[in-house]
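Me: Hey, I'm new to this one. Can you walk me through it?

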Amino acid sequence: MLGMIGLFAGLAILIYLTMRGMNLLIAAPITALFIAILNGIPLFPQLVEEGAVNFLTNYMGGFTGFIASWYLMFLTGAIFGKVMEDSGGADSISQWIVSKIGMKRAALAVVIACAVLTYGGVSLFVVAFSVYPMALSLFKQADLPRRFIPAALAFGSTTFTMTSAGSPEIQNWIPIEFLGTTPYAGWQVSFFVAIFMFLFGYWWLKRMISKAVAKGEKFVARDTDKEVDMERDLPNPLLSMIPLVVVLGITLVFHNSLGTSALIISLSGGILATFLLNKKYFQNFGHAVGEGAMGAVIAIANTAAVVGFGGVVKATPAFESAVNVMTDIPGSPLIGGALAVAVIAGLTGSSSGGQAIALPLLAPHYLDLGVNADALHRTVAISSGSLDSLPQGGYVVTTIRSIAGETHKDAYPAFGALSVVVPLLGAALAVILFSLGL
């Protein structure tokens, strides 16, 4: 019982400290230490047998493991976003989009850009890096409150695209290993759920922005913003889109053979394409690359801090007990599966982590009960993209703080509404539709 209290109290403290603005590199290890102590986990490897669970090894294993796996993706993604910004390509695209769909639909343009890249297989973090410069320019021209930019980025990336049938994102592929399904599992239900999440989520985003504007909120420029020179000679918008197409195309070609490593090639291709097409428009290519590299380090460190927290959480006896309780929830097995994955994703701050931990336990249990594998695949995939976006989540902190430079107090209410509530409603709708035999 003490361990269970420590587990959920530690998560609550981490959320509180994050919302209060504490640096995640400090808050995550402190709260992980709190959980370890209440669960009786030894603090150092010297106090246990070789290979045994301990706070330091488990935390740093998660921390360094994430950096080892994702650093080059973060690096190339951040540099790609910066060179698109410095070359004027992002401004050119944003001005072209505004001219076609109007300033009032600036948020929709951001959502669509994120959706296209995400469904093309580009990592969520990379999408945020790449689209943010365009989003900033769009919101500035439309004079919309900048605190809604992270919500627009997250909505376009983590809801109706990330977990939909056919998506090459890892959240749609993990269940295949355990359930013997395909990326298109439950595609009929997935289609209706995706449409619902898009329509409802965009309506909600537009409503929140409209209410803020009605209260007098406007875009507030900062000294750190890259000023948009209206007199500047910008590259052709259609040519500026080619690097985005290059990233998407290379990812689609190499995703099956290289997995996430395809992102390194595709983003490097995007950087090269931007340089070759817009070479004469760059203000300072070297400086842009340097800024991108520094941004990548900050972003991946914040994310790794939360992954380390999850590494400690997974090692606690209380965590195993919590998983067992959720797998024994009465009623439709789809409800228990969706809830278990969502809660574990919340505890570990990772949608893919929630699936990877829960499915080895859930899959044999539910398949033996005769649960439809395609239905379980789609339900747990959608639910995994909900509670992973609690305030302490690595993607959340990276997008709000490191990329957009906002505070949780200003940006998270809209962010949480679209990236937590909307997917939860989508998961509930999926359970209902599957239960009706669709």
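Me: Leaving aside neighbours within four places in sequence, what is S167 in contact with?
Reply: S167 is in contact with Y119, T161, M162, N172 and W173, where contact means heavy atoms within 4.5 Å. Heads-up: this is a predicted model, where local features need pLDDT of at least 70, side-chain atom pairs count only at pLDDT 80 or more, and totals for chains, interfaces and linings use all residues. Residues are numbered from 1 along each chain as its sequence is written, and side-chain values use heavy atoms, with hydrogens and water left out.

Me: Is S167 buried or exposed?
Reply: S167 counts as buried because its relative accessibility is 0%; buried means under 20% relative accessible area, with a 1.4 Å probe and protein chains only.

Me: And where does S167 sit?
Reply: You'll find S167 in the loop between α7 and α8 (174-179). Helices here are DSSP runs of H or I, at least four residues, numbered from the N terminus.

Me: Which backbone oxygens does the S167 side chain reach?
Reply: That of T161 at 3.3 Å, and that of M162 at 3.2 Å.

Me: Switching to α7: why is it largely enclosed?
Reply: Helix α7 (residues 149-158) has 10 of its 10 residues buried, so the rest of the structure largely encloses it.

Me: What covers the buried residues of α7?
Reply: The cover includes α5 (106-119), α6, α9 (187-214), α17 (394-403) and α18 (408-435).

Me: What does V110 touch, not counting residues up to four places away in sequence?
Reply: V110 touches V131, M134, A135, L138, F139, A152 and L153.

How values were computed. Buried means under 20% relative accessible area, exposed over 50%, partly exposed in between (1.4 Å probe, protein chains only). Helices (H or I, at least four residues) and strands (E, at least two) are DSSP runs, numbered from the N terminus. A polar contact is a pair of N or O atoms within 3.5 Å; within protein, one must be able to donate a hydrogen and the other to accept it, and residues adjacent in sequence count only if both atoms are side-chain atoms.
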